[in-house]
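Welcome! Have a look at it first, then try each task before you read on.

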Amino acid sequence: MAQTNKGIEEDVASAFVNHYYHLFDNDRPSLSTLYNPTSLLTFEGQKIYGVEDISNKLKQLPFDQCRHSISTVDSQPSSIAGGCGGIIVFVSGSLQLHGEDHPLRFSQTFHLIPVLQGSFFVQNEMFRLNYG
Amino acid sequence: MFIFLFSFAKNIFNFILEISTMAETNKGMEEEVASAFVNHYYHLFDNDRSSLSTLYNATSLLTFEGQKIYGVEDISNKLKQLPFDQCRHSISTVDSQPSSIAGGCGGIIVFVSGSLQLHGEDHPLRFSQTFHLIPVLQGSFFVQNEMFRLNYG
């Protein structure tokens, strides 16, 4: 049971992934609710620190409409024996930009840290396009 | 005289800006660790796969193409049983970040993408992989979390 107790991170990861990409595709400014001043984002190699700069970066991405399509979601508890409740989420999929002929493939890693009210914030995030 | 004072103040301002930027870029330490780890991991994988077991311990977790494997013994067995002998990784990108708030516990998340060529196959396969490294007392790191996915185009 100690081993299969890890099922909880799958539920959290699944809920988070749905929420994150829904916001990204439909209400990008609201993504800022997922970060705080200690959050780190590496976007195609560019390092961005803290909710303000991260929000600005996401707002300034050079497209309006985007549609993500998620292929895989993997998750694991980040602390030894699930101690601090952090969850690492590893996503792959594709994204379609409005007006572009072909979707772009991407991978993304999140590290979610729980907050008292039972939800999670994004402490770490790294995004990479996967070129074929 | 006035121009001199002005350019002096400007230099001080730039210096302060640089210092505060340095506090943020102090995160560079995890880049060195990540780089050293990535070189070591894929060198072992491609040349001495059984020695990968030295990187894991009893609490380590590996998710390999969706299959969850727990602990160094089962992980070592999985890696040994992969259905190929020769493999050559080619790394395209390595990103890293400290996993704890303000770098507290020293964990590092490493995010890798690249391709791997299996002996006898025509084309390389693209992959992405995420590691969570936790420091041990002697100054090295072990792999607490690892997730591997092939990226199909």
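**Exercise 1.** Describe how the side chains of B:Arg149 and A:Asp74 meet.

*Solution.* Step one: the side chains of B:Arg149 and A:Asp74 form a salt bridge, with N and O 2.7 Å apart. The term stands for a side-chain nitrogen of Lys or Arg within 4 Å of a carboxyl oxygen of Asp or Glu. Step two: locate the partners. This pair crosses between chains, with B:Arg149 in strand E6 of chain B and A:Asp74 in strand E3 (residues 66-77) of chain A. Helices (H or I, at least four residues) and strands (E, at least two) are DSSP runs, numbered from the N terminus. Step three: check the surroundings. Both B:Arg149 and A:Asp74 are buried, where buried means under 20% relative accessible area, exposed over 50% and partly exposed in between (1.4 Å probe, protein chains only). As background, side chains of opposite charge can pair when their charged atoms come close.

A word on the ground rules: this is a predicted model, where local features need pLDDT of at least 70 and side-chain atom pairs count only at pLDDT 80 or more, while totals for chains, interfaces and linings use all residues. Residues are numbered from 1 along each chain as its sequence is written, chains are lettered from A and ligands numbered from 1 in the order in which they are written, and side-chain values use heavy atoms, with hydrogens and water left out.

**Exercise 2.** Find the partner of B:Glu31 in a salt bridge, and give the distance.

*Solution.* The partner is A:Lys47, and the closest N and O atoms are 2.9 Å apart. Now place the two ends. The pair runs from B:Glu31 in helix H2 of chain B to A:Lys47 in strand E2 (residues 46-49) of chain A. Finally, look at accessibility: B:Glu31 is partly exposed at 42%, and A:Lys47 is partly exposed at 35%.

**Exercise 3.** How many salt bridges and polar contacts are there between chain B and chain A?

*Solution.* Start with the charged pairs: there are 6 salt bridges between chain B and chain A. On the side of chain B that touches chain A, the largest share, 7 residues, comes from E6(B).

**Exercise 4.** How much area is buried between chain B and chain A?

*Solution.* First, count the residues: 37 of chain B are in contact with 37 of chain A, contact being heavy atoms within 4.5 Å. Then take the area, which is about 3,100 Å², with carbon and sulfur atoms giving 59%. Buried area is the accessible area (1.4 Å probe) that two parts lose on being put together, summed over both. Last, B:Gln97, B:Phe111 and B:Met147 supply 21% of the area that chain B buries against chain A, more than any other three residues.

**Exercise 5.** What pattern does chain A follow along the sequence, and where does A:Phe110 lie?

*Solution.* Chain A has 2 helices and 6 strands, in the order α-β-β-α-β-β-β-β. Of its 132 residues, 49% count as buried. A:Phe110 lies in strand E5 (residues 104-114) of chain A and is buried, with a relative accessible area of 0%. Leaving out residues up to four places away in sequence, A:Phe110 touches several others, including A:Phe16, A:Tyr20 and A:Val91. A:Val91 is 19 residues from A:Phe110 in sequence, yet their C-alpha atoms are 8.3 Å apart in space.
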